[in-house]
Amino acid sequence: MNKLYKILSSIYYYIFFAVILAFIAVLAVYFVNSPVTDLSKTETVYFNEGWTYIGSDGTTKDIELPASFNTEDTTSYYTNTLPNEIKVGQTLLIKTYHQNIKVYVDDILIYSNKTEYLEGLLPMTGNSLNFVSLSPDYEGATIKIELTTNNSKYKGSLNEILLGSKYSIFLHLLKNNIFSFVSLIILFSIMFFLIILAFVFKKADFWPNIMCILLFSLLLFMYSLPELDVFQFIMPRTGFTNMVSFETLMILPLPLLVYFYNLNKNINPIQERVYLFSIYINVILFIVNNALHLTNTVLLPATFKFTIFVLLYEIVLAIFQTAIDAKNNKSKFLSIVFILMGLLMAIDLIRYNYMTGNYDAALFSRFGLDLYTLAISTTLIKNTVDLSILGKQAYTYEQMAMHDPLTGIGSRVAYEEKQQHVEKHNELKNSCIIMVVDLNDLKKVNDVFGHEAGDDYITSCVSIIKNSFDGIADIYRTGGDEFVIMSTERGMFEFEYCVNSMKDSIYRYNKTHEMKLSFAYGYNKYDKSRDHNLLELYKRSDKDMYQMKFETKQRRNANA
(Lines give C-alpha, C1' and ligand atoms only; values in the text may rest on other atoms or scores of the structure.)
Protein backbone atom coordinates (compact mmCIF):
# COMPACT_ATOMS: atom_id res chain seq x y z
CA MET A 1 0.00 0.00 0.00
CA ASN A 2 1.50 3.30 -1.07
CA LYS A 3 2.08 6.27 1.20
CA LEU A 4 -0.61 8.46 -0.37
CA TYR A 5 -3.29 5.84 0.13
CA LYS A 6 -2.28 5.45 3.78
CA ILE A 7 -2.51 9.20 4.34
CA LEU A 8 -5.95 9.45 2.72
CA SER A 9 -7.20 6.42 4.65
CA SER A 10 -6.01 7.93 7.94
CA ILE A 11 -7.76 11.22 7.19
CA TYR A 12 -10.92 9.31 6.32
CA TYR A 13 -11.01 7.57 9.71
CA TYR A 14 -10.29 10.80 11.58
CA ILE A 15 -13.21 12.48 9.83
CA PHE A 16 -15.50 9.53 10.52
CA PHE A 17 -14.82 9.67 14.26
CA ALA A 18 -15.05 13.48 14.23
CA VAL A 19 -18.55 13.21 12.75
CA ILE A 20 -19.61 10.83 15.52
CA LEU A 21 -18.16 13.09 18.22
CA ALA A 22 -19.81 16.17 16.68
CA PHE A 23 -23.19 14.45 16.66
CA ILE A 24 -22.77 13.41 20.30
CA ALA A 25 -21.79 17.00 21.17
CA VAL A 26 -24.94 18.36 19.53
CA LEU A 27 -27.07 15.92 21.49
CA ALA A 28 -25.25 16.82 24.71
CA VAL A 29 -25.90 20.54 24.17
CA TYR A 30 -29.54 19.83 23.42
CA PHE A 31 -30.15 17.74 26.52
CA VAL A 32 -28.18 20.07 28.81
CA ASN A 33 -30.55 22.85 27.77
CA SER A 34 -33.61 20.61 28.15
CA PRO A 35 -35.51 20.05 31.40
CA VAL A 36 -34.06 17.12 33.35
CA THR A 37 -36.80 15.11 35.00
CA ASP A 38 -37.14 11.81 36.73
CA LEU A 39 -38.53 10.53 33.44
CA SER A 40 -35.12 10.68 31.73
CA LYS A 41 -34.66 6.95 32.13
CA THR A 42 -38.25 5.87 31.69
CA GLU A 43 -39.27 3.75 28.76
CA THR A 44 -41.25 5.26 25.92
CA VAL A 45 -44.68 3.71 25.42
CA TYR A 46 -47.21 3.86 22.60
CA PHE A 47 -50.40 5.85 23.17
CA ASN A 48 -52.32 4.09 20.40
CA GLU A 49 -55.40 2.56 22.03
CA GLY A 50 -58.73 4.08 23.06
CA TRP A 51 -59.01 6.60 20.22
CA THR A 52 -62.28 7.70 18.60
CA TYR A 53 -62.52 9.14 15.11
CA ILE A 54 -65.19 11.83 14.61
CA GLY A 55 -66.42 12.35 11.05
CA SER A 56 -67.75 15.58 9.51
CA ASP A 57 -71.29 14.25 9.82
CA GLY A 58 -70.85 13.62 13.55
CA THR A 59 -70.46 9.87 13.28
CA THR A 60 -67.87 8.25 15.52
CA LYS A 61 -65.66 5.20 15.18
CA ASP A 62 -63.40 3.50 17.72
CA ILE A 63 -59.93 3.00 16.27
CA GLU A 64 -56.42 1.88 17.12
CA LEU A 65 -53.46 3.82 15.73
CA PRO A 66 -52.05 4.01 13.15
CA ALA A 67 -55.29 4.72 11.30
CA SER A 68 -56.21 5.84 7.81
CA PHE A 69 -59.62 6.48 6.24
CA ASN A 70 -60.94 7.10 2.77
CA THR A 71 -62.58 10.45 3.37
CA GLU A 72 -63.25 13.67 1.52
CA ASP A 73 -62.98 15.71 4.72
CA THR A 74 -59.99 18.05 4.79
CA THR A 75 -60.19 18.15 8.61
CA SER A 76 -60.20 15.07 10.84
CA TYR A 77 -60.78 14.81 14.62
CA TYR A 78 -59.53 12.17 17.05
CA THR A 79 -60.34 12.02 20.76
CA ASN A 80 -59.07 9.99 23.70
CA THR A 81 -58.66 10.12 27.47
CA LEU A 82 -55.23 10.96 28.91
CA PRO A 83 -53.64 8.62 31.51
CA ASN A 84 -54.67 9.02 35.14
CA GLU A 85 -51.01 9.58 36.09
CA ILE A 86 -48.96 12.24 34.28
CA LYS A 87 -45.55 13.32 35.56
CA VAL A 88 -43.79 16.62 35.03
CA GLY A 89 -41.91 16.60 31.72
CA GLN A 90 -43.99 13.90 30.12
CA THR A 91 -44.54 14.49 26.39
CA LEU A 92 -46.66 13.23 23.54
CA LEU A 93 -44.92 12.86 20.19
CA ILE A 94 -47.29 13.14 17.23
CA LYS A 95 -45.71 12.89 13.79
CA THR A 96 -47.65 14.51 10.95
CA TYR A 97 -47.17 14.14 7.22
CA HIS A 98 -48.21 17.20 5.18
CA GLN A 99 -50.82 18.08 7.80
CA ASN A 100 -51.53 21.04 10.05
CA ILE A 101 -52.24 20.03 13.65
CA LYS A 102 -54.04 21.43 16.70
CA VAL A 103 -54.24 19.67 20.07
CA TYR A 104 -56.95 20.43 22.69
CA VAL A 105 -57.31 19.29 26.29
CA ASP A 106 -60.89 19.70 27.55
CA ASP A 107 -61.50 21.98 24.54
CA ILE A 108 -58.56 24.24 25.50
CA LEU A 109 -55.96 24.65 22.74
CA ILE A 110 -52.55 23.61 24.13
CA TYR A 111 -50.60 23.08 20.91
CA SER A 112 -50.74 24.02 17.23
CA ASN A 113 -48.36 23.70 14.31
CA LYS A 114 -49.05 24.95 10.81
CA THR A 115 -46.49 23.39 8.49
CA GLU A 116 -47.87 25.25 5.47
CA TYR A 117 -45.95 28.45 4.68
CA LEU A 118 -46.31 31.39 2.28
CA GLU A 119 -49.91 30.42 1.76
CA GLY A 120 -51.23 31.27 -1.70
CA LEU A 121 -47.80 31.56 -3.35
CA LEU A 122 -45.99 28.37 -2.36
CA PRO A 123 -48.51 26.09 -0.65
CA MET A 124 -46.20 23.46 0.76
CA THR A 125 -46.68 21.24 3.77
CA GLY A 126 -43.94 19.15 5.29
CA ASN A 127 -43.43 16.37 7.76
CA SER A 128 -43.21 17.45 11.36
CA LEU A 129 -42.47 16.00 14.80
CA ASN A 130 -44.92 17.59 17.22
CA PHE A 131 -43.93 17.49 20.91
CA VAL A 132 -46.98 18.20 23.07
CA SER A 133 -45.97 18.86 26.69
CA LEU A 134 -48.31 17.41 29.27
CA SER A 135 -48.99 18.60 32.81
CA PRO A 136 -50.20 16.68 35.88
CA ASP A 137 -53.29 18.94 35.65
CA TYR A 138 -54.27 17.02 32.47
CA GLU A 139 -54.62 13.67 34.27
CA GLY A 140 -57.76 11.87 33.05
CA ALA A 141 -58.77 14.81 30.79
CA THR A 142 -60.10 14.49 27.24
CA ILE A 143 -57.57 15.10 24.47
CA LYS A 144 -58.66 16.03 20.95
CA ILE A 145 -56.36 16.14 17.88
CA GLU A 146 -57.42 18.15 14.83
CA LEU A 147 -55.58 17.41 11.55
CA THR A 148 -56.09 19.48 8.39
CA THR A 149 -54.67 18.76 4.92
CA ASN A 150 -55.45 19.17 1.24
CA ASN A 151 -53.28 16.17 0.37
CA SER A 152 -55.72 13.39 -0.42
CA LYS A 153 -53.17 10.76 0.57
CA TYR A 154 -53.14 11.91 4.18
CA LYS A 155 -56.79 12.84 4.72
CA GLY A 156 -58.15 10.92 7.69
CA SER A 157 -54.78 9.44 8.72
CA LEU A 158 -53.09 9.57 12.12
CA ASN A 159 -49.79 7.88 12.90
CA GLU A 160 -48.67 6.14 16.04
CA ILE A 161 -48.27 8.41 19.09
CA LEU A 162 -45.43 8.06 21.61
CA LEU A 163 -45.65 8.92 25.29
CA GLY A 164 -42.55 9.52 27.42
CA SER A 165 -39.78 11.99 28.16
CA LYS A 166 -37.91 13.70 25.33
CA TYR A 167 -34.80 11.71 26.20
CA SER A 168 -36.54 8.34 26.08
CA ILE A 169 -38.42 9.33 22.91
CA PHE A 170 -35.13 10.27 21.25
CA LEU A 171 -33.60 6.89 22.09
CA HIS A 172 -36.71 5.22 20.72
CA LEU A 173 -36.50 7.18 17.45
CA LEU A 174 -32.79 6.49 17.15
CA LYS A 175 -33.40 2.79 17.58
CA ASN A 176 -36.12 2.82 14.90
CA ASN A 177 -33.93 4.92 12.57
CA ILE A 178 -30.67 3.09 13.15
CA PHE A 179 -30.36 1.81 9.57
CA SER A 180 -31.16 5.22 8.09
CA PHE A 181 -28.77 6.87 10.53
CA VAL A 182 -25.94 4.49 9.63
CA SER A 183 -26.55 5.06 5.91
CA LEU A 184 -26.32 8.81 6.47
CA ILE A 185 -23.06 8.45 8.43
CA ILE A 186 -21.63 6.41 5.56
CA LEU A 187 -22.71 9.05 3.06
CA PHE A 188 -21.29 11.84 5.23
CA SER A 189 -17.95 10.05 5.44
CA ILE A 190 -17.86 9.45 1.67
CA MET A 191 -18.64 13.10 1.04
CA PHE A 192 -15.82 14.42 3.21
CA PHE A 193 -13.38 11.89 1.82
CA LEU A 194 -14.23 13.13 -1.69
CA ILE A 195 -13.66 16.72 -0.53
CA ILE A 196 -10.14 15.72 0.52
CA LEU A 197 -9.56 14.04 -2.84
CA ALA A 198 -10.84 17.14 -4.64
CA PHE A 199 -8.29 19.32 -2.82
CA VAL A 200 -5.42 16.88 -3.25
CA PHE A 201 -6.02 16.32 -6.98
CA LYS A 202 -7.51 19.69 -7.97
CA LYS A 203 -5.15 19.98 -10.96
CA ALA A 204 -5.62 16.41 -12.22
CA ASP A 205 -7.53 15.51 -15.37
CA PHE A 206 -10.00 13.38 -13.40
CA TRP A 207 -10.85 16.25 -11.00
CA PRO A 208 -14.25 16.92 -12.72
CA ASN A 209 -15.29 13.30 -12.07
CA ILE A 210 -14.45 13.70 -8.39
CA MET A 211 -16.51 16.89 -8.25
CA CYS A 212 -19.52 15.21 -9.93
CA ILE A 213 -19.61 12.40 -7.38
CA LEU A 214 -18.99 14.90 -4.57
CA LEU A 215 -21.95 17.03 -5.72
CA PHE A 216 -24.11 13.93 -6.06
CA SER A 217 -23.19 12.88 -2.50
CA LEU A 218 -23.86 16.39 -1.17
CA LEU A 219 -27.32 16.55 -2.78
CA LEU A 220 -28.14 13.08 -1.49
CA PHE A 221 -27.00 14.14 1.99
CA MET A 222 -29.12 17.33 1.87
CA TYR A 223 -32.14 15.28 0.83
CA SER A 224 -31.60 12.50 3.36
CA LEU A 225 -30.84 14.52 6.48
CA PRO A 226 -34.33 16.07 7.00
CA GLU A 227 -35.91 12.65 6.41
CA LEU A 228 -34.49 11.27 9.66
CA ASP A 229 -36.63 11.48 12.79
CA VAL A 230 -33.51 12.00 14.91
CA PHE A 231 -32.68 15.11 12.85
CA GLN A 232 -36.23 16.41 13.17
CA PHE A 233 -35.99 15.78 16.91
CA ILE A 234 -33.12 18.29 17.17
CA MET A 235 -34.45 20.61 14.45
CA PRO A 236 -38.20 20.02 13.97
CA ARG A 237 -39.19 19.86 10.31
CA THR A 238 -40.53 23.00 8.68
CA GLY A 239 -41.98 23.62 5.25
CA PHE A 240 -38.72 25.27 4.18
CA THR A 241 -36.51 22.26 4.94
CA ASN A 242 -39.09 20.08 3.23
CA MET A 243 -38.90 22.23 0.11
CA VAL A 244 -35.07 22.19 0.12
CA SER A 245 -35.21 18.41 0.43
CA PHE A 246 -37.42 18.03 -2.64
CA GLU A 247 -35.48 20.63 -4.66
CA THR A 248 -32.26 18.69 -4.10
CA LEU A 249 -34.08 15.47 -4.95
CA MET A 250 -35.13 16.88 -8.33
CA ILE A 251 -31.57 17.74 -9.39
CA LEU A 252 -30.04 14.63 -7.82
CA PRO A 253 -29.68 12.75 -11.15
CA LEU A 254 -27.89 15.66 -12.88
CA PRO A 255 -24.32 15.27 -11.50
CA LEU A 256 -24.54 11.52 -12.04
CA LEU A 257 -25.47 12.06 -15.69
CA VAL A 258 -22.57 14.50 -16.13
CA TYR A 259 -20.27 11.96 -14.46
CA PHE A 260 -21.29 9.24 -16.93
CA TYR A 261 -20.86 11.64 -19.82
CA ASN A 262 -17.33 12.61 -18.69
CA LEU A 263 -16.47 8.99 -17.98
CA ASN A 264 -17.42 7.68 -21.42
CA LYS A 265 -15.41 9.91 -23.72
CA ASN A 266 -14.97 7.28 -26.44
CA ILE A 267 -18.62 7.07 -27.41
CA ASN A 268 -20.24 7.35 -30.80
CA PRO A 269 -22.31 10.42 -31.78
CA ILE A 270 -25.64 8.69 -31.08
CA GLN A 271 -24.60 7.75 -27.52
CA GLU A 272 -23.30 11.27 -26.98
CA ARG A 273 -26.67 12.74 -28.01
CA VAL A 274 -28.45 10.36 -25.61
CA TYR A 275 -26.28 11.56 -22.71
CA LEU A 276 -26.70 15.23 -23.61
CA PHE A 277 -30.46 14.78 -24.02
CA SER A 278 -30.61 13.19 -20.55
CA ILE A 279 -28.76 16.14 -19.03
CA TYR A 280 -30.92 18.72 -20.79
CA ILE A 281 -34.20 16.97 -19.93
CA ASN A 282 -33.23 16.86 -16.25
CA VAL A 283 -32.64 20.64 -16.24
CA ILE A 284 -35.84 21.34 -18.21
CA LEU A 285 -38.00 19.15 -15.96
CA PHE A 286 -36.51 20.81 -12.88
CA ILE A 287 -37.57 24.23 -14.21
CA VAL A 288 -41.01 23.00 -15.35
CA ASN A 289 -41.73 21.23 -12.06
CA ASN A 290 -40.93 24.37 -10.06
CA ALA A 291 -43.08 26.46 -12.40
CA LEU A 292 -45.99 24.05 -11.90
CA HIS A 293 -45.47 24.26 -8.16
CA LEU A 294 -45.41 28.08 -8.18
CA THR A 295 -48.72 28.10 -10.06
CA ASN A 296 -50.27 25.63 -7.57
CA THR A 297 -50.63 23.04 -10.34
CA VAL A 298 -48.33 20.34 -8.93
CA LEU A 299 -46.92 20.05 -5.40
CA LEU A 300 -43.25 19.28 -4.97
CA PRO A 301 -43.80 15.84 -3.33
CA ALA A 302 -44.71 14.62 -6.81
CA THR A 303 -41.05 15.09 -7.72
CA PHE A 304 -40.17 11.93 -5.82
CA LYS A 305 -41.74 9.86 -8.59
CA PHE A 306 -40.08 12.01 -11.25
CA THR A 307 -36.64 11.60 -9.69
CA ILE A 308 -36.99 7.85 -9.24
CA PHE A 309 -37.98 7.44 -12.89
CA VAL A 310 -35.05 9.58 -14.07
CA LEU A 311 -32.63 7.59 -11.90
CA LEU A 312 -34.09 4.33 -13.20
CA TYR A 313 -33.56 5.64 -16.72
CA GLU A 314 -29.95 6.40 -15.79
CA ILE A 315 -29.55 2.84 -14.56
CA VAL A 316 -30.71 1.45 -17.91
CA LEU A 317 -28.40 3.90 -19.69
CA ALA A 318 -25.40 2.97 -17.53
CA ILE A 319 -26.03 -0.78 -17.85
CA PHE A 320 -26.25 -0.37 -21.63
CA GLN A 321 -22.93 1.48 -21.62
CA THR A 322 -21.20 -1.09 -19.40
CA ALA A 323 -22.55 -3.90 -21.58
CA ILE A 324 -20.60 -2.37 -24.48
CA ASP A 325 -17.43 -2.78 -22.45
CA ALA A 326 -18.25 -6.31 -21.29
CA LYS A 327 -14.60 -7.26 -20.72
CA ASN A 328 -14.12 -4.53 -18.15
CA ASN A 329 -14.46 -6.10 -14.68
CA LYS A 330 -14.97 -2.68 -13.07
CA SER A 331 -17.90 -2.00 -15.42
CA LYS A 332 -19.44 -5.35 -14.50
CA PHE A 333 -19.12 -4.53 -10.81
CA LEU A 334 -20.74 -1.09 -11.19
CA SER A 335 -23.46 -2.58 -13.39
CA ILE A 336 -24.41 -5.12 -10.69
CA VAL A 337 -24.52 -2.37 -8.05
CA PHE A 338 -26.66 -0.29 -10.42
CA ILE A 339 -29.20 -3.10 -10.81
CA LEU A 340 -29.37 -3.51 -7.04
CA MET A 341 -29.88 0.24 -6.60
CA GLY A 342 -32.71 0.18 -9.15
CA LEU A 343 -34.49 -2.63 -7.30
CA LEU A 344 -34.20 -0.79 -3.99
CA MET A 345 -35.57 2.44 -5.50
CA ALA A 346 -38.43 0.50 -7.10
CA ILE A 347 -39.38 -0.79 -3.64
CA ASP A 348 -39.53 2.77 -2.31
CA LEU A 349 -41.61 3.89 -5.30
CA ILE A 350 -44.17 1.19 -4.51
CA ARG A 351 -44.15 2.05 -0.79
CA TYR A 352 -44.60 5.76 -1.54
CA ASN A 353 -47.65 5.16 -3.75
CA TYR A 354 -49.41 2.49 -1.68
CA MET A 355 -48.41 3.09 1.95
CA THR A 356 -49.24 5.73 4.53
CA GLY A 357 -48.10 6.13 8.10
CA ASN A 358 -44.89 6.56 10.02
CA TYR A 359 -42.14 5.25 7.77
CA ASP A 360 -39.00 6.51 6.02
CA ALA A 361 -40.20 7.03 2.43
CA ALA A 362 -36.68 6.96 0.99
CA LEU A 363 -35.02 4.32 3.17
CA PHE A 364 -34.29 1.75 0.45
CA SER A 365 -33.51 4.39 -2.17
CA ARG A 366 -31.00 6.02 0.16
CA PHE A 367 -29.32 2.70 0.88
CA GLY A 368 -29.22 1.95 -2.83
CA LEU A 369 -27.81 5.37 -3.64
CA ASP A 370 -25.37 5.10 -0.73
CA LEU A 371 -24.26 1.73 -2.03
CA TYR A 372 -23.67 3.02 -5.52
CA THR A 373 -22.00 6.22 -4.27
CA LEU A 374 -19.70 4.02 -2.19
CA ALA A 375 -19.00 1.78 -5.21
CA ILE A 376 -18.23 4.74 -7.49
CA SER A 377 -16.15 6.45 -4.79
CA THR A 378 -14.16 3.28 -4.13
CA THR A 379 -13.48 2.85 -7.85
CA LEU A 380 -12.69 6.55 -8.20
CA ILE A 381 -10.34 6.53 -5.21
CA LYS A 382 -8.57 3.40 -6.49
CA ASN A 383 -8.20 4.93 -9.95
CA THR A 384 -7.00 8.17 -8.38
CA VAL A 385 -4.37 6.39 -6.34
CA ASP A 386 -3.33 4.28 -9.35
CA LEU A 387 -3.01 7.40 -11.50
CA SER A 388 -1.07 9.10 -8.74
CA ILE A 389 1.33 6.14 -8.58
CA LEU A 390 1.68 6.15 -12.37
CA GLY A 391 2.24 9.89 -12.27
CA LYS A 392 4.97 9.53 -9.68
CA GLN A 393 6.56 6.69 -11.63
CA ALA A 394 6.41 8.73 -14.84
CA TYR A 395 7.98 11.68 -13.02
CA THR A 396 10.69 9.38 -11.62
CA TYR A 397 11.40 7.94 -15.07
CA GLU A 398 11.49 11.44 -16.52
CA GLN A 399 13.97 12.54 -13.87
CA MET A 400 16.08 9.45 -14.55
CA ALA A 401 16.04 10.20 -18.27
CA MET A 402 16.91 13.88 -17.76
CA HIS A 403 19.74 13.35 -15.25
CA ASP A 404 22.91 11.31 -15.27
CA PRO A 405 22.59 8.78 -12.42
CA LEU A 406 26.30 8.87 -11.51
CA THR A 407 26.98 12.60 -11.43
CA GLY A 408 23.51 14.12 -11.12
CA ILE A 409 24.11 16.55 -14.00
CA GLY A 410 21.95 16.71 -17.13
CA SER A 411 21.82 13.73 -19.48
CA ARG A 412 22.12 13.61 -23.26
CA VAL A 413 18.29 13.74 -23.47
CA ALA A 414 18.26 16.90 -21.35
CA TYR A 415 20.97 18.46 -23.53
CA GLU A 416 19.02 17.74 -26.72
CA GLU A 417 15.86 19.29 -25.22
CA LYS A 418 17.83 22.35 -24.15
CA GLN A 419 19.37 22.59 -27.60
CA GLN A 420 15.92 22.50 -29.26
CA HIS A 421 14.65 25.16 -26.87
CA VAL A 422 17.59 27.49 -27.62
CA GLU A 423 17.20 26.95 -31.37
CA LYS A 424 13.66 28.33 -31.18
CA HIS A 425 14.73 31.57 -29.46
CA ASN A 426 17.15 33.70 -31.45
CA GLU A 427 18.11 35.86 -28.46
CA LEU A 428 19.34 32.75 -26.64
CA LYS A 429 20.98 31.24 -29.71
CA ASN A 430 22.90 34.43 -30.54
CA SER A 431 24.47 34.48 -27.07
CA CYS A 432 25.02 30.72 -26.82
CA ILE A 433 28.45 29.35 -25.88
CA ILE A 434 29.08 25.61 -26.16
CA MET A 435 32.06 23.88 -24.58
CA VAL A 436 32.82 20.24 -25.37
CA VAL A 437 34.85 18.32 -22.75
CA ASP A 438 36.46 14.88 -23.10
CA LEU A 439 38.17 13.13 -20.18
CA ASN A 440 41.70 11.90 -20.81
CA ASP A 441 42.90 8.47 -19.65
CA LEU A 442 39.47 7.23 -18.39
CA LYS A 443 39.91 3.87 -20.16
CA LYS A 444 43.37 3.49 -18.64
CA VAL A 445 42.04 4.21 -15.14
CA ASN A 446 39.25 1.63 -15.61
CA ASP A 447 41.69 -1.03 -16.89
CA VAL A 448 44.35 -0.49 -14.22
CA PHE A 449 42.38 0.49 -11.11
CA GLY A 450 38.88 -0.82 -11.87
CA HIS A 451 35.54 0.76 -12.73
CA GLU A 452 34.98 2.06 -9.18
CA ALA A 453 38.12 4.16 -9.52
CA GLY A 454 36.88 5.20 -12.98
CA ASP A 455 33.64 6.42 -11.43
CA ASP A 456 35.62 8.42 -8.85
CA TYR A 457 37.66 9.89 -11.71
CA ILE A 458 34.46 11.02 -13.49
CA THR A 459 32.80 12.46 -10.37
CA SER A 460 35.97 14.33 -9.40
CA CYS A 461 36.19 15.95 -12.84
CA VAL A 462 32.47 16.82 -12.81
CA SER A 463 32.80 18.30 -9.32
CA ILE A 464 35.51 20.67 -10.51
CA ILE A 465 33.51 21.64 -13.62
CA LYS A 466 30.35 22.27 -11.57
CA ASN A 467 32.18 24.42 -9.03
CA SER A 468 33.83 26.42 -11.79
CA PHE A 469 30.68 27.08 -13.85
CA ASP A 470 28.15 27.29 -11.02
CA GLY A 471 25.38 29.72 -11.96
CA ILE A 472 27.05 30.50 -15.32
CA ALA A 473 26.28 27.46 -17.50
CA ASP A 474 24.41 24.15 -17.64
CA ILE A 475 26.43 20.91 -17.65
CA TYR A 476 25.44 17.71 -19.46
CA ARG A 477 26.98 14.25 -19.74
CA THR A 478 26.49 13.21 -23.36
CA GLY A 479 28.61 10.04 -23.31
CA GLY A 480 30.80 7.90 -21.08
CA ASP A 481 33.66 10.42 -20.96
CA GLU A 482 32.08 13.25 -22.95
CA PHE A 483 30.45 16.37 -21.52
CA VAL A 484 28.87 19.55 -22.88
CA ILE A 485 28.76 22.90 -21.08
CA MET A 486 26.22 25.39 -22.44
CA SER A 487 25.78 29.04 -21.51
CA THR A 488 23.09 31.28 -23.02
CA GLU A 489 22.97 34.29 -20.70
CA ARG A 490 26.63 35.20 -20.06
CA GLY A 491 29.29 36.77 -22.24
CA MET A 492 32.59 35.28 -23.38
CA PHE A 493 34.56 37.22 -20.75
CA GLU A 494 32.73 35.57 -17.85
CA PHE A 495 32.87 32.19 -19.53
CA GLU A 496 36.64 32.35 -20.02
CA TYR A 497 37.02 33.42 -16.41
CA CYS A 498 35.28 30.16 -15.44
CA VAL A 499 37.53 28.19 -17.79
CA ASN A 500 40.63 29.64 -16.08
CA SER A 501 39.11 28.86 -12.68
CA MET A 502 38.58 25.26 -13.82
CA LYS A 503 42.23 24.98 -14.94
CA ASP A 504 43.44 26.30 -11.58
CA SER A 505 41.22 23.83 -9.71
CA ILE A 506 42.62 20.92 -11.73
CA TYR A 507 46.16 22.06 -10.97
CA ARG A 508 45.49 22.27 -7.22
CA TYR A 509 43.71 18.91 -7.20
CA ASN A 510 46.55 17.12 -8.97
CA LYS A 511 49.11 18.49 -6.47
CA THR A 512 47.31 16.80 -3.55
CA HIS A 513 45.95 13.59 -5.13
CA GLU A 514 47.70 10.51 -6.46
CA MET A 515 45.17 10.03 -9.25
CA LYS A 516 45.75 12.91 -11.68
CA LEU A 517 42.86 14.48 -13.56
CA SER A 518 43.13 15.49 -17.17
CA PHE A 519 40.63 16.45 -19.83
CA ALA A 520 40.59 18.24 -23.15
CA TYR A 521 38.08 20.88 -24.11
CA GLY A 522 37.11 23.31 -26.83
CA TYR A 523 34.59 26.12 -26.75
CA ASN A 524 33.13 28.74 -29.10
CA LYS A 525 30.36 31.32 -29.17
CA TYR A 526 27.58 31.18 -31.74
CA ASP A 527 28.45 33.13 -34.87
CA LYS A 528 25.57 33.47 -37.32
CA SER A 529 28.03 34.14 -40.15
CA ARG A 530 29.62 30.70 -39.58
CA ASP A 531 26.96 28.66 -37.77
CA HIS A 532 23.59 27.94 -39.34
CA ASN A 533 22.49 26.12 -36.19
CA LEU A 534 23.76 24.92 -32.82
CA LEU A 535 24.94 21.63 -34.28
CA GLU A 536 27.53 23.47 -36.31
CA LEU A 537 28.57 25.42 -33.19
CA TYR A 538 28.93 22.09 -31.37
CA LYS A 539 31.07 20.68 -34.20
CA ARG A 540 33.44 23.68 -34.09
CA SER A 541 33.89 23.27 -30.32
CA ASP A 542 34.31 19.51 -30.72
CA LYS A 543 37.00 20.07 -33.34
CA ASP A 544 38.87 22.42 -30.99
CA MET A 545 38.61 19.83 -28.21
CA TYR A 546 40.22 17.15 -30.41
CA GLN A 547 42.95 19.60 -31.37
CA MET A 548 43.71 20.15 -27.68
CA LYS A 549 43.63 16.38 -27.09
CA PHE A 550 46.12 15.86 -29.95
CA GLU A 551 48.48 18.54 -28.63
CA THR A 552 48.34 17.07 -25.11
CA LYS A 553 49.23 13.65 -26.46
CA GLN A 554 52.16 15.07 -28.43
CA ARG A 555 53.57 16.79 -25.32
CA ARG A 556 53.34 13.56 -23.34
CA ASN A 557 55.18 11.65 -26.04
CA ALA A 558 57.89 14.33 -26.21
CA ASN A 559 58.37 14.24 -22.43
CA ALA A 560 58.49 10.45 -22.44
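Author: Two strands are said to pair if DSSP finds at least two bridges between them. With this in mind, we can turn to the structure above, which is a predicted model.

Reader: Which strands are the edge strands of the open sheet?
Author: The open sheet is formed by 4 strands with antiparallel pairing, and their order is β14-β15-β13-β16. An edge strand pairs on one side only, and this applies to residues 474-477 and to residues 519-525, which are the strands β14 and β16.

Reader: What is the average twist from one strand to the next?
Author: The strands to follow are those of the antiparallel sheet, in the order β14-β15-β13-β16. Going from one strand to the next, the twist averages 15°.

Reader: What angle does the direction of helix α17 make with that of β16?
Author: Helix α16, residues 492-512, touches β13, β15 (482-487) and β16, and its direction makes about 175° with that of β16. Helix α17, residues 534-559, also packs on the sheet by touching β13, β15 and β16. The angle between the direction of helix α17 and that of β16 is about 145°.

Reader: Is Asp 107 buried or exposed?
Author: Asp 107 lies in the loop between β7 and β8, and it has a positive phi of about 65° although it is not a glycine. A residue counts as exposed when its relative accessible area is over 50%. Asp 107 has a relative accessible area of 65%, and therefore it is exposed.

Reader: How does Asp 106 count, as buried, partly exposed or exposed?
Author: Asp 106 is found in the loop between β7 (100-105) and β8 (108-113), and its phi is positive, about 50°, although it is not a glycine. Because its relative accessibility is 46%, Asp 106 counts as partly exposed.

Reader: Is Ser 157 buried or exposed?
Author: Ser 157 is found in strand β11, residues 157-158, and, leaving aside residues up to four places away in sequence, it touches Ala 67, Ser 68, Tyr 78, Gln 99 and Leu 147. Buried means under 20% relative accessible area. Since Ser 157 has 6% relative accessibility, it counts as buried.

Reader: Which peptide bond is cis, with omega near 0°?
Author: One of its two residues, Pro 66, lies in the loop between β3 (60-63) and β4 (67-68). The cis peptide bond is the one from Leu 65 to Pro 66.

Note on methods: Residues are numbered from 1 along each chain as its sequence is written. This is a predicted model: local features need pLDDT of at least 70, side-chain atom pairs count only at pLDDT 80 or more; totals for chains, interfaces and linings use all residues. Side-chain values use heavy atoms; hydrogens and water are left out. Axes are lines fitted to C-alpha atoms, for helices over the stretch in contact, and angles run from 0 to 180 degrees between N-to-C directions. Contact means heavy atoms within 4.5 Å. Buried means under 20% relative accessible area, exposed over 50%, partly exposed in between (1.4 Å probe, protein chains only).
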